[in-house]
Amino acid sequence: MNVIEVSGLDVYYGSVQALKDINLVVRERDFLAIMGPNGGGKSTLLKAILGLVPVDSGEVKIFGGSGRKSRRLIGYVPQFSSVDRNFPISVIEVVLLGALKPGLSFFHKFNRSEKLRAVDLLNKVGLGDLKDRNISQLSGGEFQKLLIARALMTEPKLLLLDEPTASVDMSSSQDIYSLLGELNKEITIVMVTHNVMAISSNVKELACLNLGLVYHGDPELSEEVVNGLFGCPVELVAHGVPHRVLKEHQEGNHVS
Amino acid sequence: MLVDLFKYQFLQNAVMAGLLASVLAGVIGFIIVEKKMIMMSGGIAHASYGGVGLGYLLGIEPIYGALGFSLVSALSVGLIKRKGGTDSDIVIGLFWSLGMALGIVFISLVPGYPPNLSSYLFGNILAVTQADLLMMVVVAVVVSLIFLAFFNNWKAYLFDEEFSGIRGSGVILLEFLLLVMVALTVVALIRIVGIILALAILIAPAASAKLIFRRMGMRVVMSMVFGVVFMLGGLSLAYSFNTAAGAMIVLVAVVFYIVVYVATSFKLKRRVG
């Protein structure tokens with residue numbers, strides 16, 4: 001069964017078209033990076049997959065289903081700027097919230113096995129020592145890892161990440177990619193990024209989005225595709241190394 | 001004041017009302033400060049004035065009218081926000097004025113001398129009746145129970161609404177429950193500090209606790225404690241200087257917040273520098 005199956009998807013915001021005839025298939029254990037300029041529809045596609053925006057035509061299937069139940073198989077990692085980092089909550093509490101059941105739970109307490117699992121996950125993402133810290137005391141990279149741990153707490157079959165390395169320093173970003181590479185042995189991963197430099201060697205497939213799907217395939221881009229995508233020359237990706245120093249590019253309307 | 005407290009029923013009622021209001025302000029204040037719903041709460045409070053006017057016009061207890069109006073306006077704002085198509089800011093602003101305008105129109109339609117409405121606008125804690133207290137007890141119990149019963153759901157909702165929504169953790173239900181709780185709380189506070197001053201009582205305790213404490217439970221509890229301090233402090237100052245109690249409570253609360261703000265920002269500077 002395909003993990004994600006998007007067919008003929010159109011999404012409009014009022015009279016503005018955000019996505020045009022998207023067809024995309026994600027298979028078991030893929031690691032897909034969806035790339036494109038800001039405003040190119042990446043977030044909209046993500047929201048359509050999560051069922052957060054109304055679809056004008058076409059359909060999105062998650063593990064063959066389209067209801068709420070199949071969406072609960074998604075472990076969502078939001079862009080960290082969308083989450084309030086000053087909220088009074090500790091690291092371990094955030095992870096535990098990933099274990100909440102659907103609907104309201106009356107006088108709910110997390111049980112022992114959930115707590116143990118939360119600690120395990122924090123160790124896995126490298127935050128074991130910080131579990132009792134308040135989230136406001138975490139660095140950007142640590143906070144991003146925390147959001148990944150929370151998503152893992154939901155026992156997902158698909159991990160969906162929105163700009164996981166935006167505003168994270170180089171070494172944290174490497175950590176995050178090696179973590180994702182490790183996780184990818186068991187679960188399918190789809191991430192969205194506007195940062196061409198952010199594509200790691202762990203990524204197995206690349207999709208480029210600018211209103212429509214411009215490209216989908218191996219994570220190697222030709223100059224032609226990239227120029228078509230961003231409307232100006234940008235760095236090209238060399239395959240196999242985590243950091244690429246690439247061709248010079250001029251300032252233009254592309255995203256940095 | 002302490003001796004008088006044992007002598008006079010109205011003072012005992014006032015203190016009781018202050019304690020109940022502190023409980024409410026602790027819970028709801030915490031939520032609206034974290035969720036940035038302060039203007040929405042202000043809008044709901046002011047919209048209730050329409051109900052006060054309607055109450056006088058129809059000859060029913062004005063506070064029930066206020067309750068009806070604040071519930072309707074809270075749920076309307078919630079529905080319009082869900083439906084989208086306009087900023088909730090706009091809707092809140094309009095409801096804010098609409099409620100006041102309706103109140104004024106209704107009052108001017110009341111035959112004979114216009115009633116004195118200043119107790120609804122600015123509160124009168126010294127005139128709290130047993131019936132008012134009963135209403136406040138009910139509201140305080142209902143609001144606290146809803147908050148405690150779904151504590152983890154509230155935590156998830158307040159921290160990251162989008163994530164909770166995707167997980168199907170009853171976000172829409174919580175949102176509407178919250179609007180109802182805010183409406184109930186605002187009406188309960190009208191008795192004490194009035195429509196216009198209610199906002200400060202909701203904000204100041206929670207905002208002060210936010211500056212000092214890092215844990216959610218601690219913030220809620222300390223908001224309640226601060227609320228009690230403000231209520232009793234304002235009440236005794238008003239009693240000594242023979243000034244309006246609601247206004248004194250608000251003054252104490254806001255001055256306290258400013259002091260905490262200045263103190264903590266100095267501490268912050270020292271830590272950074």
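Predicted model: local features only at pLDDT ≥ 70, side-chain atom pairs only at ≥ 80, totals over all residues.
Local features in the model are reported only at pLDDT of at least 70 and side-chain atom pairs only at pLDDT 80 or more, whereas totals for chains, interfaces and linings use all residues. Residues are numbered from 1 along each chain as its sequence is written, chains are lettered from A in the order in which they are written, and side-chain values use heavy atoms, without hydrogens and water.

Helices (H or I, at least four residues) and strands (E, at least two) are DSSP runs numbered from the N terminus. In chain A, an open sheet of mixed pairing is formed by 6 strands in the order E5-E6-E7-E3-E8-E9; two strands are taken to pair if DSSP finds at least two bridges between them. Strand E5 (74–77) and strand E9 (212–217) of chain A are the edge strands, each pairing on one side only. From one strand to the next, the twist averages 15°; axes are lines fitted to C-alpha atoms, for helices over the stretch in contact, and angles run from 0 to 180 degrees between N-to-C directions.

Within this sheet, strand E3 (residues 31–35) and strand E8 (residues 205–210) of chain A run parallel and are joined by 4 bridges. A:Leu32 stands opposite A:Glu205 in E8(A). By contrast, E8(A) and E9(A) run antiparallel, with 5 bridges between them, and A:Leu209 stands opposite A:Leu213 in E9(A). These two strands, E8(A) and E9(A), form a hairpin with 1 residue between them, and A:Leu211 in the turn has a positive phi of about 70°. Helix H1 (residues 42–50) of chain A lies across E3, E5, E6, E7 and E8 of chain A, running at about 150° to E6(A).

A:Val26 is located in strand E2 (residues 16–26) of chain A. At 1% relative accessibility, A:Val26 counts as buried; buried means under 20% relative accessible area, exposed over 50% and partly exposed in between (1.4 Å probe, protein chains only). The residues that A:Val26 touches, not counting those up to four places away in sequence, include A:Ile4, A:Leu32 and A:Val190; contact means heavy atoms within 4.5 Å. The C-alpha atoms of A:Val26 and A:Ile4 are 4.9 Å apart, although the two residues are 22 residues apart in sequence.

Helix H5 (residues 140–153) of chain A has 14 residues, of which 13 are buried. H5(A) is followed by A:Glu155, whose phi is positive, near 50°.

A nonpolar core is a set of buried Ala, Val, Leu, Ile, Met, Phe, Trp, Tyr and Cys residues joined through side-chain atoms within 4.5 Å. The largest such core has 126 residues, and A:Leu146, A:Leu159 and A:Leu180 have the most contacts inside it. Helix H10 (residues 171–212) of chain B gives the most to this core, with 21 residues. A second, separate core of 30 residues includes A:Ile34, A:Ile74, A:Val190 and A:Leu209.

Over all chains, 13 aromatic pairs are counted; rings of Phe, Tyr and Trp (its six-membered ring) pair if their centres lie within 6.5 Å, with planes under 30 degrees apart counted as stacked, over 60 as edge-to-face and the rest as tilted. The rings of A:Phe87 and B:Phe159 have centres 5.9 Å apart and planes at 45°, so this pair is tilted. The pair crosses between chains, with B:Phe159 in helix H8 (residues 151–159) of chain B. A:Phe87 is buried at 0% relative accessibility, and B:Phe159 is buried with a relative accessible area of 3%. Ring pairs link A:Phe87, B:Phe30 and B:Phe159 into a cluster.
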